[in-house]
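Below is a short briefing on a structural model, arranged by topic. Terms are given with their cut-offs where they come up.

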Amino acid sequence: MSTATGDRASTRPLDVRSEFPLLRREIGGHPLVYLDSAATTQKPMAVLAAERDFYERLNANVHRGVHRLSVEATEAYEGARGQVAGLLGAEDPREIVFVRGATEAINLVAQSYARPRLSPGDEILVTWMEHHSNLVPWQLVAEQTGAHVRGIPMDDRGVLDLEAYERMLGSRTRVVAVGHVSNALGTVNPVARLAELAHGVGAAVVVDGAQSAAHVPVDVQALGADFYAISGHKAFAPMGTGALWGRLALLDEMPPWMGGGDMIRSVSFQGSTWADVPAKFEAGTPNAGGIVALGAAIEWMSAIGLDRIREHEDDLLRYGTAALAAVPGLRLIGTAPDKVAILSFVLEGVHPHDVGTILDREGIAVRTGHHCAQPVMEHFGVPATTRASLSVYNTREDLDALVAGLQRVRQLFGQE
Amino acid sequence: MDSDLRELYQQVILDHHRHPRNFGELDSPDGRAEGFNPLCGDRVNVELKFGAEGRIEHVAFTGQGCAICTASASLMTECLTGKTREEGEALVEDFRELVTGTRDAAPGDAEERLGKLAIFAGVREFPVRVKCATLPWHTFHAALASESGRVSTE
């Protein structure tokens, strides 16, 4: 169980930094302060070792051979499927489809689930705070089918307007697509409530979990989702790994999305028949070594416990929010009561791009720009923000370094 | 504070960022273009008007960008005034070579032509910021070429 308190449970503060080789790097003579985990997390040694072990000991194509290596590689790969199922609270490992990341997972749902079901005039509701990866795939399928994409509004804290959402739901609503956690604002959305209302009008609920898997406990049953997408690289696993969870009955009905090897039952020039889920959706050789390492990442997170990770990050969020509030001219973008440790902000008179360059010279890595969420920038009337996004390996000292760096930005721009 | 940063954010650059010159729109411009950097959201609109003897009488800009982009646009409008089309194009190329570091800071014709624009030489130490400095110039180039051009850094 992902939410179980693991072996490391104790009242001591979490200290996992030493398990991350990259965090020992220096940038221009400064110790690295990595505050860009919403873009991608760093990887613990356990994950690096698992991927290396796959290639040193198990490397063979999965689901293909009768030889021992292929059998062992397949077992390791399928073992990771069970781990993802456990992390998300899936009833059956067959409900887990391995993909390259959340983007691919959402495109799969848009093309294979939604496209055959959409007619002109149907509606897809997407929140105003979505990452482009949970917006553009819906725009594409809308263009292909004549359906419409409508945005669910939010307020100035970055909290969804549930009353407006209820009014938007109707007999034409086919899909509600929502991020569990907003990458630009940190908002944790009330997915269970959104799903309950969506199901009331017969719409399917597609959840982008790219920003949640490494930060909050996830239980797809309790959330009432129909599909849930995660990216491995945002949860301590290698890039190019990810998973889609979908309800078995829905996945069974859906046509394949990509054709190729490993997704067929039989092939002839008269036609082909498809394998069962999840193989039906996994054409071609997968990133097996990466997926096995994703399993190791889940094991690593579960050993700490997602509850404990959230507690640690909540402490950083409170500390960081207070520290940034004391910086003159700083305005936080995204102040929802329920949010993760993402601190997005603008600094009066200084463009985020300049902030990012100056912080980088201090060894502080932040993201600047629109965070692939241009509608969010539009809503708050800013062209871009600076974003510090934290993870389990961050400390209060990292936030102190950020605040000191921002003071230097203000000095350089002559604001004090 | 490290010297590369001081070099990048010189007082002149910060001054033009805070008080951009020729910021605004022109009445019936002869050329106009819109520049956009989709990676960071910087946006610059450049308008120009020719005067007697085919010389640029006025260049103005509007938009929203970082200090490097805004200062580059502001200084650009000052430096282009009075230039012919050909001289303007040559300056675009000189500036591009200056900030990408393909031209040394050694004295020469280009150095003379660049004049106070030489303060942007520090940008070459920050490769990811080169596009911020060149966006207004690419946009000016597009404004010369067409009456309603659109240019993107990507």
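Along its sequence, chain B reads α-α-β-β-β-α-α-α-α-β, that is, six helices and four strands; helices (H or I, at least four residues) and strands (E, at least two) are DSSP runs numbered from the N terminus. The model is predicted: local features need pLDDT of at least 70, side-chain atom pairs count only at pLDDT 80 or more, and totals for chains, interfaces and linings use all residues. Residues are numbered from 1 along each chain as its sequence is written, while chains are lettered from A and ligands numbered from 1 in the order in which they are written.

**Chain B**

- Of the 154 residues in chain B, 42% are buried (20 or more other C-beta atoms within 10 Å of the residue's own; exposed means 12 or fewer, partly exposed in between, with C-beta atoms placed from the backbone).
- Among contacts in chain B between residues at least 6 apart in sequence, 63% join residues at least 24 apart; a contact requires C-beta atoms, placed from the backbone, within 7 Å.

**Contact between the chains**

- Chain A puts 14 residues in contact with 15 residues of chain B.
- On the chain A side, the elements giving two or more residues are α11 (352-360) and α13 (396-412), and α11(A) has the largest share with four residues.
- By class, that side of chain A holds five nonpolar, six polar and three charged residues (Ala, Val, Leu, Ile, Met, Phe, Trp, Tyr, Cys and Pro count as nonpolar, Asp, Glu, Lys and Arg as charged, and the others, Gly among them, as polar).

**Seven-stranded sheet of chain A**

- An open sheet of mixed pairing has seven strands in the order β4-β10-β9-β8-β7-β5-β6 (chain A); strands pair if DSSP finds at least two bridges between them.
- The edges are β4 (96-99) and β6 (148-152) of chain A, each with a single partner strand, so one side of each lacks a neighbour in the sheet.
- From one strand to the next the twist averages 20°, with axes fitted as lines to C-alpha atoms and angles running from 0 to 180 degrees between N-to-C directions.
- β4(A) runs antiparallel to β10 (residues 242-246) of chain A, joined by four bridges, and Phe98(A) stands opposite Ala243(A) of β10(A).

- Beyond four places in sequence, the contacts of Ala243(A) include Val84(A), Ile96(A), Phe98(A) and Ile230(A).

**Strand β14 of chain A**

- All six residues of β14 (residues 342-347) of chain A are buried, so this strand is largely enclosed by the rest of the structure.
- In a regular strand the side chains alternate between the two faces of the sheet.
- Ile342(A), Ser344(A) and Val346(A) lie on one side of β14(A), with Leu343(A), Phe345(A) and Leu347(A) on the other.
- β14(A) pairs in the antiparallel sense over four bridges with β13 (residues 330-333) of chain A, and likewise over four bridges with β17 (residues 385-389) of chain A.
- Ser344(A) stands opposite Ile333(A) and also opposite Arg387(A) in β17(A).

**Ser272 of chain A**

- Ser272(A), in strand β12 (residues 271-274) of chain A, has 14 C-beta neighbours inside 10 Å and so counts as partly exposed.

How values were computed. Two residues are in contact if their C-beta atoms, placed from the backbone, lie within 7 Å.
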